[in-house]
Amino acid sequence: MLALNPTSIFVLPQNPKPFCFSRVSNFITRAISKFPGESDSDDSPDEITGRRSNYSGVKLEETVDVNTGKLRLDSWVSSRINGISRARVQSSIRSGLVSVNGRVTDKVSHMVKGGDNVNCTIADLKPLRAEPEDIPLDIVYEDEHVLVVNKPAHMVVHPAPGNATGTLVSGILHHCSLPTVSFLGEEVLSDVEDASDDELNMSSVMYESSFRPGIVHRLDKGTSGLLVVAKNEFSLANLAEQFKKHTIKRVYVSITCGVPTSVSGRIDIPIGRDTNNRIRMAAIPGSPKSGKSRHAVSRYKVIEKLAGGGATLVEWRLETGRTHQIRAHAKYLGIPLMGDEVYGGTKNMALSLLQPRTPPRIHGKLSELVSRIERPCLHALTLGFRHPYTGENIHFTRLPPPDFAEILTELRSISTEKVAHTNNF
């Protein structure tokens, strides 16, 4: 059972020597320039391996098949241009480059039907730059082939509007003595896990990353913990395949508001865009719907009930990696992550559960504690994978950072109840 104390966790030693070979530069530069299309947080790696080429200027003039039912314009165009992302199509539609029956439409959700004539030109990619920055990186392990980083909370994995500097990618470019890289990026809806929800504007449009130098999976901006980076193309493909086959070991811990009905379980609920709030995802029961939801499976177990059951320490293991998967599944269970303002784990929610279960004399202390929470209490605790070159199974664990640990300690000081589990997790 996870106890979250230093004596209970085995950690491989950090490589004492920084490994930055010149040939890594060529790989990362190519990776940055040739990957037009970005999820990690952890979106599935099959999306990462299927990189797309530059579709700028591609034209489509076609009549919708008469046997086709009503479809969204962006979905239909995406299905007619092999390999293009829907985000790229949406950008073109919003730019006024798509017409239906001779009339320009900038509405991506416009419904087309059999017999409609669609004329589309794909918009140019927008240039972006990744600048090397001397940013301290907590490197857990590094060799010639892979780099494992303990990402701090509030660090974005890659540059995007509103987060052009201070990113993990910029730190990696500096760490490996790589130059500034120019690249072409795409626009996407807010599918990127490592984008702050605060940066999503009313149209929910952001640049799609094309410069993840070997980053096989992602973490939200607010999520701390372990992330693996490939340093050459073979490692990238190998790790992506391991993610695709679900052989990568990923263990997360969270502090949630309240206690779930069952202290452990497997959530097999598809995840898709929340129709009531376009900047978040939602668990959508039923079979995955084409283009609207995707297969998502999370396993969880309660480690401790905290503060009389007002909060819980929960361990998560992912079978799939979808945008905001843990956050959406936690909300579905009725236990949003503490500090997750987007998914219901607000300060008011936390206090409404904590105060009735605790003595009035400590309510002031609870209010002060909760007021200091500045991000969802989620940490990527353990990462394990087969080394792409040696074939060795390697595992890394890093305890949560001080902000998470402080909240956990304070809640434990009120009361804690360890939960025994008889089933395998």
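In the predicted model, an open sheet is built from four strands in the order S1-S6-S3-S4, with antiparallel pairing (strands are DSSP E runs of at least two residues, helices H or I runs of at least four, numbered from the N terminus; two strands pair if DSSP finds at least two bridges between them). Strand S1 (59–63) and strand S4 (103–104) are the edge strands, each pairing on one side only. Three antiparallel bridges link strand S3 (residues 98–100) to strand S6 (residues 117–121), and Ser-99 has Asn-119 in S6 as its bridge partner. Helix H3 (residues 73–80) packs on the sheet and touches S1, S3 and S6 (contact: heavy atoms within 4.5 Å). Residues are numbered from 1 along each chain as its sequence is written. Local features need pLDDT of at least 70, side-chain atom pairs count only at pLDDT 80 or more, totals for chains, interfaces and linings use all residues, and side-chain values use heavy atoms, without hydrogens and water.

Eight of the ten residues of strand S18 (residues 297–306) are buried (under 20% relative accessible area, 1.4 Å probe, protein chains only). S18 runs antiparallel to strand S14 (residues 264–268), joined by five bridges, with Asp-268 opposite Val-297. Strand S22 (residues 416–418) is antiparallel to S18 over three bridges, where Lys-305 partners Glu-417.

In helix H8 (residues 347–354), the buried residues are Ala-350, Leu-351, Leu-353 and Leu-354. Their arc around the axis, taken from the directions to the C-beta atoms, is only 165°, so they lie on the same side of H8. Their cover includes strand S13 (249–257), strand S19 (311–318), helix H9 (363–371) and helix H10 (402–414).

Conventions: Buried < 20%, exposed > 50% of the residue type's maximum accessible area, 1.4 Å probe, protein only. Axes fitted to C-alpha atoms, helices over the stretch in contact; angles between N-to-C directions.
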